[in-house]
Amino acid sequence: YGYDLHDLETGEVTPLYASSITNHTIALYAKNGSLQVYDTDTGKLLTDTTAGLVENQQTVMLNNEGNGYVWLELRDSNSYDVTATCVYGPDGLAADLSSLLDTYNYLGYLTTDPDGKSLFYGTRSAAGTAYSTVSDVLDTGGNVVIPGLSYCYGYYSNSLNGLPEHTFAAKRGFYAGWMDTTGQWVYCQSIFASV
């Protein structure tokens with residue numbers, strides 16, 4: 001994580017922890033603790049906040065989710081265990097999901113609801129089994145919105161296979177398809193149906 005951002009007009013050099021480009025935006029996490037997201041088409045500053053400094057024993061994983069939102073994970077440099085998970089947006093810290101790390105093996109960004117609020121998914125071990133997992137859809141407070149999906153995930157919005165707004169791919173029981181943020185199927189079919 002030894003990046004430098006060079007301003008070719010002023011000659012200024014800014015040391016960075018990480019950068020991430022997607023959906024016509026670029027996210028820059030500087031070593032002074034600042035986190036900024038720019039629109040790459042217009043140069044407009046979408047997010048300008050402070051995410052804080054990284055301790056010596058941590059590394060940074062930064063995922064730009066578009067529209068000024070950034071998924072930021074800190075990991076232990078030796079064990080690679082996640083020590084903090086936060087989401088930042090145009091208004092600063094949107095969600096601190098660090099308290100969920102004891103419950104979920106993995107946390108990820110999913111989509112937004114119709115009000116524009118971010119939703120996440122957490123993958124946890126299924127009760128009574130050693131190898132099976134289930135996924136819960138979570139709001140920014142870490143509350144479970146949709147429990148116990150076999151799996152769920154989003155597509156990149158700039159993908160040729162992008163889904164309609166506020167939907168994600170999911171599987172529940174013997175059905176798989178597209179689900180909306182209320183847990184209703186937008187499209188689904190039985191896993192036993194032929195392609």
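## D48 and its contacts

D48 touches L35 and Q36, leaving aside residues up to four places away in sequence; a contact here means heavy atoms within 4.5 Å. The side chains of D48 and Q36 also make a polar contact of 3.3 Å. A polar contact is a pair of N or O atoms within 3.5 Å; within protein, one must be able to donate a hydrogen and the other to accept it, and residues adjacent in sequence count only if both atoms are side-chain atoms.

The model is predicted: local features need pLDDT of at least 70, side-chain atom pairs count only at pLDDT 80 or more, and totals for chains, interfaces and linings use all residues. Residues are numbered from 1 along each chain as its sequence is written, and side-chain values use heavy atoms, with hydrogens and water left out.

D48 sits in strand β5, residues 45-50. D48 counts as exposed because its relative accessibility is 52%. The cut-offs are under 20% relative accessible area for buried and over 50% for exposed, with partly exposed in between (1.4 Å probe, protein chains only). G173 lies 125 residues from D48 along the chain, and their C-alpha atoms are 42 Å apart.

## The whole protein

The protein has 17 strands and zero helices. Both are DSSP runs numbered from the N terminus: helices are H or I of at least four residues, strands are E of at least two. The C-alpha trace spans about 60 × 40 × 30 Å along its principal axes.

Of the 195 residues, 37% are buried. The protein exposes about 11,200 Å², and carbon and sulfur atoms supply 48% of that area. Accessible areas come from the Shrake-Rupley method with a 1.4 Å probe; for residues, only the protein chains shown count as cover. Take the contacts between residues at least 6 apart in sequence: 25% of them join residues at least 24 apart.

## W71, a buried tryptophan

W71 belongs to strand β7, residues 69-76. W71 is buried because its relative accessibility is 2%. The list of residues that W71 touches, not counting those up to four places away in sequence, includes M61, L62, N63 and E65. Also among them are T85, C86, V87, L97, L107, G108, Y109 and F120.

T22 lies 49 residues from W71 along the chain; their C-alpha atoms are 12 Å apart.

## E73 and two partners

E73 is also found in strand β7. With 3% relative accessibility, E73 counts as buried. A polar contact of 3.3 Å joins its side chain to that of W71. Not counting residues up to four places away in sequence, E73 touches T59, V60, M61, V82, A84, T85 and L107.

E73 also forms a salt bridge with R75, and their closest N and O atoms are 2.9 Å apart. R75 is partly exposed, because its relative accessible area is 23%.

## Salt bridges

How many salt bridges does the structure hold? There are two. The term covers a side-chain nitrogen of Lys or Arg within 4 Å of a carboxyl oxygen of Asp or Glu. Side chains of opposite charge can pair when their charged atoms come close.

Besides the pair of R75 and E73, D136 and R124 meet through their side chains at 2.7 Å, N to O. This pair links distant parts of the chain: D136 is in strand β12 (residues 133-138), R124 is in strand β11 (residues 118-125), and the two are twelve residues apart. D136 is buried, as its relative accessible area is 3%. R124 counts as partly exposed at 23% relative accessibility.

## Cysteines

A search of the whole structure finds zero disulfides. A disulfide would need two cysteine sulfur atoms within 2.5 Å. C188 itself counts as partly exposed, because its relative accessibility is 31%.

## A nonpolar surface patch

F174, Y175, I191 and F192 make up a nonpolar patch on the surface. Together they have about 470 Å² of accessible area. Patch residues have over 30% relative accessible area and no salt bridge; like charges are joined within 9 Å, nonpolar side chains (Val, Leu, Ile, Met, Phe, Trp, Tyr) within 5 Å.

F192 lies in the segment after β17 (185-190). F192 counts as exposed because its relative accessibility is 65%.
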